[in-house]
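Subject: Structure for you to look at

Hello,

Here is the structure I said I would pass on. Please open it first and then read the notes below it.

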Amino acid sequence: LKKFSMKFVGGELSSEDRKEALEELFVFGKDNQRPFFNRMAVLTIVSTVIATGGLLSVSAAVVIGAMLIAPLMRPVMSAAAAITMGWSRRLWQSILLISTMAVAVIFISAFLAKLSPDTISMTSQTLARTHPTFFDLVIALASGVGGAYVMTRKESSAIPGVAMAVSLLPPLAACGILLEFGEYAFAAKAFILFFT
């Protein structure tokens, strides 16, 4: 069974490839932390503005664009790698980063929904993120496998596809919009979709 699984994923990684994959997931050295967090903050804000605009203007193409920019996949993959490597400190750092980014997305999207003058009722794009199903769990698991494979095998052409499949940002943006509209039950369902 071990041989089959190793062949299935393309064989073992060399120590150099393993080192590069870890450097892609984790920030090593204090000098690299500030630029990393600045980049994550900027991309989170920009992708949230784009996603919220897409949800409120009922534009699937804009929402897809936001998914490509959103940096949420990296800390989620970092948390998974930290579990695998047994690095509890890095796991908690990743969870803290994910939580901070999630709260920021919800607040920014709620604020933008408050400023939106034209949205009187919920849009179909927003409501589409309020129905988590079993298939969402299957998609999340498959996306995780795809993301891990892409990051360890340097399949850069597949990264946009994985980013769209993971779809972490739109449910969070929908959660913020729904909270602003007082739709707390739907907001909880949108958050459950993100959490899945």
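**What was found**

In the protein chain, 77% of the contacts with a separation of 6 or more are between residues 24 or more positions apart; contact means heavy atoms within 4.5 Å. This is a predicted model, in which local features need pLDDT of at least 70 and side-chain atom pairs count only at pLDDT 80 or more, while totals for chains, interfaces and linings use all residues. Residues are numbered from 1 along each chain as its sequence is written, and side-chain values use heavy atoms, with hydrogens and water left out.

**The chain as a whole**

The protein chain has 11 helices and zero strands. Helices (H or I, at least four residues) and strands (E, at least two) are DSSP runs, numbered from the N terminus. Of the 196 residues, 37% are buried. Buried means under 20% relative accessible area, exposed means over 50%, and partly exposed is in between (1.4 Å probe, protein chains only). The accessible surface is about 11,400 Å², and carbon and sulfur atoms account for 68% of that; such areas come from the Shrake-Rupley method with a 1.4 Å probe, and for residues only the protein chains shown count as cover.

**Helices 3 and 4**

Two packed helices are described by the angle between their axes and the distance between the axes. For helix 3 (residues 30–56) and helix 4 (residues 60–69), the angle is about 165° and the axes are 8 Å apart. Because of that angle, helix 3 is roughly antiparallel to helix 4. Axes are lines fitted to C-alpha atoms, for helices over the stretch in contact, and angles run from 0 to 180 degrees between N-to-C directions; under 35 degrees counts as roughly parallel, over 145 as roughly antiparallel, 65 to 115 as roughly perpendicular and the rest as oblique.

Which residues make the contact? Helix 3 supplies L43, S47, I50, A51, G54 and L55, and helix 4 supplies V62, V63, A66 and I69.

**Two single residues**

V58 lies in the loop between helix 3 and helix 4. Its phi is near 55°, a positive value in a residue other than glycine. Most residues other than glycine have a negative phi. V58 is partly exposed, at 43% relative accessibility.

S78 is in helix 5 (residues 73–85). Is S78 buried or exposed? S78 is buried, because its relative accessible area is 4%. Leaving aside neighbours within four places in sequence, S78 is in contact with L25, F26 and S94.

Regards
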